[in-house]
Amino acid sequence: MNSSQLIAFLPVICIAAAAVVVMLTIAVRRHFTLTCLMAGLGLLVSLLALAMAGRQGPVQVTPLIRVDAYGRFVMALLLAAGLAVIAFCYDYFKNREGENEELLFLILAALLGASVLVTSCHFATFFIGLETLSVSLFVLVGYVLGQSGSLEAAVKYLVLSGVSSAFLLMGMALIYAQCGQLNFSGIEQYLASQELFNGMVLTGIVFIVAGVGFKLSLVPFHLWTPDVYEGAPAPVTAFIATVSKGAVFILLLRFFLSSGGYFYGPALTVFSVMAVASILVGNVLALLQNNVKRMLAYSSIAHMGYLLIAFIAGGRIAPNLVVESVTFYLVAYFMTTLGAFGVVSILSTPQAEAVALSFYHGLFWRRPGLAAIFTFMLLSLAGIPLTAGFIGKFYIFAAGADGRLWGLLLMLIIGSGLGLYYYLRLIVVMSMSQETGIDAGHEAAFGRVSSVILAVLTVLLVWFGIYPGYLMSLIQGLY
Amino acid sequence: MMLLALVAVLFLGGLAALISERWSPATPRWIALAALALEFVLVLLQYLLTTDQSSAWIADLKRPWIARFGIGFHLAMDGLSLALVMLTVVLGFMAVSCSWTEIKQRPGFFYFNLLMCLAGTVGVFLALDLFLFFFSWEVMIIPMYFLISIWGHEDRTAAAIKFVIFTQVSGLLMLLAIVMLALIYHGDTGVYSFDYFDLLGTRLDADTAFWLMLGFFVAFTVKLPSVPFHTWLPDAHTQAPTGGSVILAGVMLKTGAYGLLRFVIPLFPEAAHQFAPVAMALGAVSVLYAAMMAFAQSDLKRLIAYTSVSHMGFVLLGVFAWNLLALQGAVMTMLAHGISAAALFMIAGALQERLHTREMGNMGGFWTAMPRLSAVALFFAIASLGLPGLGNFLGEFLVLLGAFKVSMALTALAALVMILSPIYALFIIQKAFHGPLRQPYPIADFGYRDMAAMGLLVIASVWLGLHPHLVLSETEPSLQTLQSSAAMESTDEQ
């Protein structure tokens with residue numbers, strides 16, 4: 001490994017080191033605040049390393065990993081999301097009993113997996129990254145031992161995740177059997193040299209799609225989502241919804257772009273069907289929820305469906321517009337989802353998660369700042385202007401219209417209409433007068449660190465919604 | 001810069017109102033009043049300072065915004081937008097005036113939303129970049145949603161959500177059409193642009209043009225509204241607080257008409273021409289159907305809401321007739337209806353504040369109890385039925401005159417409303433103001449503040465009717481520019 005490779009790979013090494021340091025710190029002294037600080041510091045160092053490597057061109061680090069500008073950008077996004085999640089965890093767990101320090105280690109390990117995933121260019125790192133991420137998530141989901149819901153969610157996630165990994169491996173095996181290649185560019189070369197359409201490769205791709213579809217909770221692989229979102233502690237839910245899904249989506253995009261998956265029209269048809277089903281099922285079922293976390297879970301299914309539209313458009317339009325659209329949408333989605341679950345996590349108390357609508361009754365008048373933040377997040381999810389979510393939706397429209405995917409765009413419009421109903425319903429509940437829903441028993445403490453993070457997220461959300469030029473120019477040159 | 005100030009004053013005024021609630025519950029309304037007064041002065045200054053009469057455009061401001069897609073922050077004002085911005089400011093005053101005592105809960109947030117809504121509307125009337133236009137279009141919806149869902153009446157939640165879903169979904173269709181138009185322009189020229197003037201000459205094949213036109217048309221006719229997209233309106237108007245109803249009926253409906261005038265026909269002249277018979281038929285049907293529905297209502301605000309649909313049908317008819325007379329009539333109807341509908345909603349709101357009901361069955365005999373209020377109500381009921389000498393008559397007359405050249409049958413059909421509108425207008429007067437008084441307790445009549453506001457509207461209505469020259473001549477150049485950019489009627493007029 002030469003020096004430029006080392007510099008390129010340094011951020012990943014930093015995360016791994018931070019994970020070890022956190023583990024050692026816990027061995028020396030069990031102190032939750034200290035552990036959080038160490039973990040946060042580790043992520044900051046890693047971000048710094050990323051910034052140092054920022055000027056480099058694409059670097060191939062071993063045959064397994066390829067660090068390019070795009071990978072660095074997404075990694076920075078994942079790490080920043082990790083920082084926010086750590087802040088939420090701090091406020092969420094600081095007053096709870098039990099040994100919560102290992103949580104930080106698990107988060108770092110999951111981030112390590114995600115970082116490997118987004119820089120992967122080989123089936124081996126694809127699988128290793130995904131499993132590192134998933135195994136950490138099993139434990140994170142079930143971390144709060146006292147609650148049966150949490151345990152149930154963890155077991156459910158474990159079993160289904162195992163099945164999906166099996167699908168994934170099978171897909172890889174099929175492709176390998178045909179191509180004799182495990183790295184993405186090798187597969188592309190093989191496919192380009194073949195003129196005929198290959199059934200084995202297609203089957204392999206479809207198997208991989210099934211495995212990935214599970215991680216992205218696309219219909220029909222979505223069944224775990226509401227239960228896991230509901231059962232996991234709120235900051236962990238934020239982590240699953242952002243880091244896990246984002247990293248997998250980026251990997252999927254990279255795989256399709258660099259291995260020529262877009263040549264396979266039927267695979268895109270499969271994706272189209274999944275996108276339509278996700279948008280419809282996600283939105284319709286979200287309408288029926290009275291539990292805020294379950295509602296957000298179904299809405300995230302729908303959002304992955306929207307994102308798929310830009311992805312599918314990649315079969316017909318220039319790859320840089322696809323990458324740009326997907327990345328902008330993901331950035332907006334990250335900020336919004338972190339914000340929304342951050343509010344849920346701030347409002348939660350050790351006795352109960354803030355999932356019932358009654359928690360939000362009259363929030364506008366009890367805690368106007370928090371309610372305003374939540375409103376912005378919900379409006380961004382609904383894609384209303386002044387928020388980054390709108391620009392993200394605009395990108396989807398641009399990519400979809402450029403690829404002439406009229407049917408899918410129509411679904412997007414219908415889905416948005418349905419989505420408005422449940423987002424607005426929550427806003428209505430928050431704006432109801434306090435007298436009707438006062439329930440002073442479960443007023444949560446004031447989480448200072450989380451509040452700062454939420455305020456920053458909101459400012460960024462509005463900033464990128466009104467003046468997205470900076471972020472756009474940043475993303476535009478990535479691919 | 002003046003144009004930017006027009007939007008900024010309302011925006012900052014809204015923020016100031018929100019913050020000022022801390023000092024006293026009364027400050028927000030004064031701040032709202034001050035912001036509107038400043039806005040009024042600015043609009044007037046803009047008008048008076050314009051010396052260049054050669055161009056239809058009074059003012060123009062263009063700054064780069066999102067360079068990636070060639071999106072600019074492009075505001076411009078011509079006679080048409082000037083008239084509509086003026087209407088917005090005047091009705092803004094009315095909305096503040098009628099909320100003066102009605103809004104007791106969280107006045108800061110109320111006036112914040114009111115001013116944001118107005119800022120979005122002014123943005124819609126001024127924006128000449130399609131992206132910015134859509135942006136403002138959406139920005140005005142959410143504050144209105146809050147106005148209805150927080151300060152509205154008993155069924156407010158459902159009405160507010162219905163309002164947002166209708167406007168939002170149709171808005172997304174428009175966004176799709178806008179994006180598509182920009183992409184086609186990009187395909188032709190190699191650069192992205194959302195600028196109105198750039199896109200104006202885009203060459204489209206007939207099929208594409210038709211679908212894109214339809215995207216815009218649906219968004220605007222939902223807002224206008226026209227049958228069959230009108231069902232959100234009676235609910236939203238009825239449930240909104242008085243100030244909200246005034247803004248909704250007076251100003252927001254006009255954004256739909258403005259969009260048809262400014263965007264649909266100039267951008268897609270051929271497609272619009274082909275579609276004109278359908279659109280005009282929809283207009284004529286709206287006129288008649290809504291007038292009949294109005295007569296069937298027992299809820300006063302609902303009745304007035306349906307009359308709005310009926311009047312807006314004339315606008316649709318006039319816009320798609322697309323000759324100067326009909327266009328001037330449409331603009332006149334927009335202004336005159338803005339004033340008369342706002343006044344009627346204020347009267348309905350005043351009655352509700354005093355009686356806590358909107359049911360006309362519970363009303364009666366107010367003529368003796370509240371002579372001032374009743375006189376004003378009579379005036380505006382008659383204005384709304386189209387008495388010659390008032391603005392509404394002029395607008396409808398010009399529309400019918402212009403539309404007659406294009407389609408005799410539809411014009412004759414729409415003219416039947418001249419029979420129906422007196423029925424519903426006089427029905428209000430008879431039910432609510434004549435007959436025996438039902439309330440045993442004394443009811444307060446209009447005070448000085450109400451009378452000042454109403455007096456202003458009465459004067460404006462009479463002025464529009466008797467001296468329409470100023471408005472007509474001020475909007476004529478811009479209407480002519482619009483027409484020349486899309487001379488779709490040139491063959492029909494010969």
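Two residues are in contact when heavy atoms of theirs lie within 4.5 Å. In this predicted model, 32 residues of chain B are in contact with 38 residues of chain A. The two chains bury about 3,200 Å² between them, and 83% of that area is on carbon and sulfur atoms.

On the side of chain B that touches chain A, at least two residues each come from strand E1 (57-66), H5, helix H6 (141-151) and H7. H7(B) gives the most to this side, with 13 residues.

**Polar links between the chains**

Between chain B and chain A the count is one salt bridge. This salt bridge brings together the side chains of Arg68(B) and Glu324(A), at 2.5 Å from N to O. Three residue pairs are in polar contact between chain B and chain A, with both residues at pLDDT 80 or more.

**Aromatic rings**

Over all chains, the count of aromatic pairs comes to 70. A pair of aromatic rings is described by the distance of the centres and the angle of the planes. Two of the pairs are set out here.

| Pair | Centre to centre | Angle between planes | Arrangement |
|---|---|---|---|
| Trp365(A) and Phe109(B) | 6.3 Å | 75° | edge-to-face |
| Phe390(A) and Phe134(B) | 5.7 Å | 20° | stacked |

Trp365(A) belongs to helix H14 (residues 363-366) of chain A and Phe109(B) to helix H4 (residues 107-126) of chain B, so this pair joins two chains. Phe109(B) has a relative accessible area of 13%; because buried means under 20%, this residue counts as buried. Arg106(B) lies over the face of Trp365(A), 3.6 Å from the ring centre.

Within chain B, Lys223(B) lies over the face of Trp137(B), at 4.3 Å from the ring centre.

**A position in helix H7**

Helix H7 (residues 156-189) of chain B holds Ser170(B). The relative accessibility of Ser170(B) is 4%, so this residue counts as buried. Apart from neighbours within four places in sequence, Ser170(B) is in contact with Gly215(B), Val218(B), Ala219(B) and Val222(B).

Note on methods
Residues are numbered from 1 along each chain as its sequence is written. Chains are lettered from A and ligands numbered from 1 in the order in which they are written. Side-chain values use heavy atoms; hydrogens and water are left out. Helices (H or I, at least four residues) and strands (E, at least two) are DSSP runs, numbered from the N terminus. Buried means under 20% relative accessible area, exposed over 50%, partly exposed in between (1.4 Å probe, protein chains only). Rings of Phe, Tyr and Trp (its six-membered ring) pair if their centres lie within 6.5 Å; planes under 30 degrees apart count as stacked, over 60 as edge-to-face and the rest as tilted. A charge sits over a ring if NZ of Lys or CZ of Arg is within 6 Å of the ring centre and within 35 degrees of the ring normal. Buried area is the accessible area (1.4 Å probe) that two parts lose on being put together, summed over both. A salt bridge is a side-chain nitrogen of Lys or Arg within 4 Å of a carboxyl oxygen of Asp or Glu. A polar contact is a pair of N or O atoms within 3.5 Å; within protein, one must be able to donate a hydrogen and the other to accept it, and residues adjacent in sequence count only if both atoms are side-chain atoms.
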